[in-house]
Amino acid sequence: MGIKNRLVCAESRKGQLTDQVAEFQMGNDCPMRLALSPNGKSVVFAMSDGIRRVDQDTKGRTPKFNEVSGDLAAKVSAIKGEVKALAFTPDGAHLALGFASGELRVVEWPSLKPKFLLSGATQLPDAVRDVDFSVQPDAPGRVLGVTVDDGTCELWDWDKTELLCRLSPGKLRQKMERNVLVSRGGDTLVQQLPRGVERVQLSKLRFARDGSGDLLTLANSPVAGGQLARWGGAALLGTPAGPALPPLLSCR
């Protein structure tokens, strides 16, 4: 029968997972990703044709998961297309959805009302790999970071629908294979990678949770493997306190 597609909830004690306490059967469709709402009440799954939402009931001794119904279920099922990545804003008020088509959306939570959309002529150049919102206390979630399958990363002010900058790996034919180009409009900052780190693809990303506003990206190199790159002040782009373009602080 194979491995069951299911959500498993386990108990944690002193930082260690112990016993399984609950599960939710997903049926034949296997989720690509999941995101837990910041209040811990809902789990959203990235599916091959849209999303699924289950809510957690913690009233009893063990939690239970219930799929939404009625109007909420209709709003969830109205989202179509293969979803590859998703993330909540720190306050849980918005949800980002990245699609295999290159479409990128931000919707209000839990209404799923559209707030930001890159689609059609404005969609990203390749399938979305990962998304994350910034976590700056003075402007939580204002900047949305996204990586796509061509190895690039873009940072957007999704409230203004404004591209803040793009991080693009240098091309071998341009003898730039050890560089990442950070650009916005006509401005470009060339950042050299450490020796042995070349022909990278930027795959995963997260904004640092230490208050710095820095962006962390996983730079995959065919020679050096995965390298964690840190970009300075990326969450502050477009503000008086932010850099014109985020510099590469470290890569290791």
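## Arg33 and its partner

Let's start with Arg33, which is partly exposed at a relative accessible area of 23%. Keep in mind that this is a predicted model. The side chain of Arg33 meets that of Asp130 in a salt bridge, at 3.4 Å from N to O.

How accessible is Asp130, buried or exposed? Asp130 has a relative accessible area of 2%, and because anything under 20% counts as buried, Asp130 is buried. Arg33, at 23%, is partly exposed.

## The sheet around E3

Strand E3 also belongs to an open sheet of four strands, ordered E3-E4-E5-E6, with antiparallel pairing. Strand E3 (33-36) and strand E6 (64-67) are the edges, each pairing on one side only. From one strand to the next, the twist averages 25°.

Inside that sheet, strand E4 (residues 42-47) and strand E5 (residues 50-57) run antiparallel and are joined by six bridges. If you want a spot to look at, take Phe45: its bridge partner in E5 is Arg52.

A search of the whole structure turns up 17 salt bridges. One of them pairs Arg184 with Glu162, with the closest N and O atoms 2.3 Å apart. Here, too, distant parts of the chain are linked: Arg184 is in strand E15 (residues 179-184) and Glu162 is in strand E14 (residues 162-169), 22 residues apart. Arg184 is partly exposed at 30% relative accessibility, and Glu162 is partly exposed as well, with a relative accessible area of 29%.

Another salt bridge brings together the side chains of Asp214 and Arg230, at 2.7 Å from N to O. Asp214 lies in the loop between strand E17 (201-207) and strand E18 (215-221), while Arg230 is in strand E19 (residues 225-231); the two are 16 residues apart and link distant parts of the chain. On accessibility, Asp214 counts as buried at 8%, whereas Arg230 counts as partly exposed at 22%.

Note on methods
Residues are numbered from 1 along each chain as its sequence is written. This is a predicted model: local features need pLDDT of at least 70, side-chain atom pairs count only at pLDDT 80 or more; totals for chains, interfaces and linings use all residues. Side-chain values use heavy atoms; hydrogens and water are left out. Two strands pair if DSSP finds at least two bridges between them. Axes are lines fitted to C-alpha atoms, for helices over the stretch in contact, and angles run from 0 to 180 degrees between N-to-C directions. A salt bridge is a side-chain nitrogen of Lys or Arg within 4 Å of a carboxyl oxygen of Asp or Glu. Buried means under 20% relative accessible area, exposed over 50%, partly exposed in between (1.4 Å probe, protein chains only).
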